[in-house]
Amino acid sequence: MAGAAGVAAMTIVEKIEQSLTGRPNSFVPAHTLQRLLGRSQPDRDDIMMNWAMHWGQGIALGPLRAIMAEHGMRGSVASFLFLNARLFNDQALENVTGAGAPPWTWPLDEQRVDLLHKAVYAFVTGYVADRLATGEDRNREHDRAFYDGGDS
(Lines give C-alpha, C1' and ligand atoms only; values in the text may rest on other atoms or scores of the structure.)
Protein backbone atom coordinates (compact mmCIF):
# COMPACT_ATOMS: atom_id res chain seq x y z
CA MET A 1 0.00 0.00 0.00
CA ALA A 2 2.79 2.44 0.91
CA GLY A 3 4.69 1.75 -2.32
CA ALA A 4 1.56 2.27 -4.41
CA ALA A 5 0.89 5.60 -2.69
CA GLY A 6 4.49 6.65 -3.27
CA VAL A 7 4.51 5.76 -6.95
CA ALA A 8 1.14 7.50 -7.43
CA ALA A 9 2.52 10.69 -5.87
CA MET A 10 5.71 10.42 -7.94
CA THR A 11 3.68 9.97 -11.13
CA ILE A 12 1.56 13.04 -10.40
CA VAL A 13 4.67 15.14 -9.73
CA GLU A 14 6.31 13.80 -12.91
CA LYS A 15 3.31 14.73 -15.03
CA ILE A 16 3.15 18.22 -13.52
CA GLU A 17 6.91 18.68 -14.08
CA GLN A 18 6.61 17.44 -17.68
CA SER A 19 3.74 19.83 -18.39
CA LEU A 20 5.85 22.73 -17.11
CA THR A 21 9.19 21.78 -18.69
CA GLY A 22 8.07 20.01 -21.86
CA ARG A 23 10.31 17.05 -20.99
CA PRO A 24 9.13 13.91 -22.82
CA ASN A 25 8.52 10.53 -21.21
CA SER A 26 11.59 8.42 -20.56
CA PHE A 27 11.28 4.90 -21.89
CA VAL A 28 14.28 3.58 -19.96
CA PRO A 29 11.92 1.69 -17.59
CA ALA A 30 10.31 -0.07 -20.57
CA HIS A 31 13.67 -0.87 -22.14
CA THR A 32 14.92 -2.24 -18.82
CA LEU A 33 11.89 -4.51 -18.38
CA GLN A 34 12.06 -5.67 -21.99
CA ARG A 35 15.72 -6.62 -21.56
CA LEU A 36 15.00 -8.38 -18.24
CA LEU A 37 12.31 -10.41 -20.03
CA GLY A 38 14.63 -11.20 -22.97
CA ARG A 39 12.42 -9.50 -25.56
CA SER A 40 13.65 -9.50 -29.16
CA GLN A 41 13.25 -5.70 -29.48
CA PRO A 42 14.38 -4.47 -26.03
CA ASP A 43 14.48 -0.79 -26.96
CA ARG A 44 10.95 -0.41 -28.32
CA ASP A 45 9.07 2.52 -26.75
CA ASP A 46 6.15 0.59 -25.28
CA ILE A 47 3.99 2.65 -22.91
CA MET A 48 2.46 -0.44 -21.25
CA MET A 49 5.90 -1.88 -20.47
CA ASN A 50 6.94 1.55 -19.22
CA TRP A 51 4.00 1.73 -16.82
CA ALA A 52 4.48 -1.89 -15.72
CA MET A 53 8.10 -1.21 -14.74
CA HIS A 54 7.37 2.23 -13.27
CA TRP A 55 4.50 1.03 -11.08
CA GLY A 56 5.95 -2.42 -10.52
CA GLN A 57 9.21 -1.16 -9.04
CA GLY A 58 7.45 1.34 -6.83
CA ILE A 59 5.01 -1.20 -5.48
CA ALA A 60 7.67 -3.93 -5.14
CA LEU A 61 9.97 -1.71 -3.04
CA GLY A 62 7.17 -0.49 -0.75
CA PRO A 63 7.41 -3.49 1.58
CA LEU A 64 11.05 -2.65 2.31
CA ARG A 65 9.99 0.72 3.73
CA ALA A 66 7.12 -0.95 5.60
CA ILE A 67 9.58 -3.39 7.19
CA MET A 68 11.78 -0.46 8.18
CA ALA A 69 8.79 1.25 9.83
CA GLU A 70 7.65 -1.94 11.58
CA HIS A 71 11.11 -2.28 13.11
CA GLY A 72 11.14 1.30 14.39
CA MET A 73 13.01 3.00 11.52
CA ARG A 74 10.65 5.90 10.86
CA GLY A 75 10.66 9.52 9.90
CA SER A 76 12.70 11.57 7.46
CA VAL A 77 16.02 9.81 8.05
CA ALA A 78 14.45 6.43 7.33
CA SER A 79 12.83 7.85 4.20
CA PHE A 80 16.16 9.32 3.10
CA LEU A 81 17.80 5.90 3.51
CA PHE A 82 14.93 4.38 1.54
CA LEU A 83 15.45 6.99 -1.20
CA ASN A 84 18.96 5.62 -1.65
CA ALA A 85 17.60 2.07 -1.87
CA ARG A 86 15.20 3.19 -4.62
CA LEU A 87 17.96 4.97 -6.55
CA PHE A 88 20.23 1.93 -6.22
CA ASN A 89 17.47 -0.40 -7.42
CA ASP A 90 16.78 1.72 -10.52
CA GLN A 91 20.42 2.18 -11.41
CA ALA A 92 21.37 -1.43 -10.81
CA LEU A 93 18.63 -2.75 -13.09
CA GLU A 94 19.08 -0.10 -15.77
CA ASN A 95 22.85 -0.43 -15.92
CA VAL A 96 23.10 -4.22 -15.59
CA THR A 97 20.71 -4.60 -18.52
CA GLY A 98 22.46 -1.89 -20.55
CA ALA A 99 19.23 0.09 -20.86
CA GLY A 100 20.53 3.09 -18.91
CA ALA A 101 23.71 5.03 -18.29
CA PRO A 102 25.37 5.81 -14.95
CA PRO A 103 23.72 8.92 -13.48
CA TRP A 104 26.99 10.86 -13.20
CA THR A 105 27.05 10.86 -17.03
CA TRP A 106 23.62 12.54 -17.24
CA PRO A 107 23.13 16.28 -17.64
CA LEU A 108 22.70 17.99 -14.24
CA ASP A 109 19.08 18.96 -14.92
CA GLU A 110 18.18 15.30 -15.54
CA GLN A 111 19.96 14.28 -12.33
CA ARG A 112 17.98 16.88 -10.36
CA VAL A 113 14.66 15.84 -11.89
CA ASP A 114 15.31 12.16 -11.14
CA LEU A 115 16.31 12.92 -7.55
CA LEU A 116 13.22 15.08 -7.05
CA HIS A 117 10.88 12.41 -8.38
CA LYS A 118 12.50 9.60 -6.40
CA ALA A 119 12.49 11.77 -3.25
CA VAL A 120 8.74 12.33 -3.64
CA TYR A 121 8.32 8.56 -3.97
CA ALA A 122 10.52 7.79 -0.96
CA PHE A 123 9.00 10.35 1.40
CA VAL A 124 5.36 9.62 0.50
CA THR A 125 6.03 5.88 0.77
CA GLY A 126 7.70 6.53 4.12
CA TYR A 127 4.86 8.68 5.38
CA VAL A 128 2.28 5.99 4.58
CA ALA A 129 4.45 3.15 5.92
CA ASP A 130 5.11 5.07 9.14
CA ARG A 131 1.38 5.69 9.67
CA LEU A 132 0.54 2.03 9.09
CA ALA A 133 3.35 0.61 11.24
CA THR A 134 2.47 -1.00 14.53
CA GLY A 135 5.98 -1.68 15.86
CA GLU A 136 7.67 0.48 18.49
CA ASP A 137 9.05 3.79 17.19
CA ARG A 138 12.79 4.06 17.83
CA ASN A 139 13.38 7.68 16.87
CA ARG A 140 14.96 10.26 19.16
CA GLU A 141 11.65 11.82 20.19
CA HIS A 142 10.63 8.45 21.58
CA ASP A 143 13.89 8.11 23.51
CA ARG A 144 13.49 11.62 24.97
CA ALA A 145 10.11 10.67 26.39
CA PHE A 146 11.90 8.31 28.77
CA TYR A 147 14.58 10.81 29.82
CA ASP A 148 13.79 12.05 33.32
CA GLY A 149 15.98 15.16 33.11
CA GLY A 150 18.22 14.18 36.06
CA ASP A 151 21.96 14.85 36.02
CA SER A 152 23.05 11.54 37.53
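Visitor: Which orientation do α2 and α3 have to each other?

Guide: The model is predicted, so local features need pLDDT of at least 70 and side-chain atom pairs pLDDT 80 or more, while totals for chains, interfaces and linings use all residues. Residues are numbered from 1 along each chain as its sequence is written, and side-chain values use heavy atoms, without hydrogens and water.

α2 and α3 are roughly perpendicular (65 to 115 degrees; under 35 is roughly parallel, over 145 roughly antiparallel, the rest oblique) because of their packing angle. That angle is about 90°, and the axes of α2 and α3 lie 7 Å apart. Helices here are DSSP runs (H or I, at least four residues) numbered from the N terminus; axes are fitted to C-alpha atoms over the stretch in contact, with angles from 0 to 180 degrees between N-to-C directions.

From α2, the contact (heavy atoms within 4.5 Å) takes in Val28, Pro29, Ala30, Thr32, Leu33, Gln34 and Leu36. Facing them in α3 are Met49, Asn50, Ala52, Met53 and His54. The contact of α2 with α3 holds eight nonpolar, four polar and no charged residues. In this scheme Ala, Val, Leu, Ile, Met, Phe, Trp, Tyr, Cys and Pro are nonpolar, Asp, Glu, Lys and Arg charged, and the others, Gly among them, polar.

α3 also packs against α1, at an angle of about 140° and with the two axes 7 Å apart. That angle is why α1 and α3 count as oblique to each other. On the α1 side the residues are Gly3, Ala4, Val7, Ala8, Met10, Thr11, Glu14 and Lys15. They meet Trp51, His54, Trp55, Gly58, Ile59 and Gly62 of α3. Seven nonpolar, five polar and two charged residues make up the contact of α1 with α3.

With α4, the axis of α3 comes within 10 Å, and the two cross at roughly 140°. α3 and α4 are therefore oblique to each other. The α3 residues in this contact are Met53, His54, Gln57, Gly58, Leu61, Leu64, Arg65 and Met68. α4 supplies Gly75, Ala78, Ser79, Leu81, Phe82, Ala85, Arg86, Asn89, Asp90 and Leu93. By class, the contact of α3 with α4 has nine nonpolar, six polar and three charged residues.
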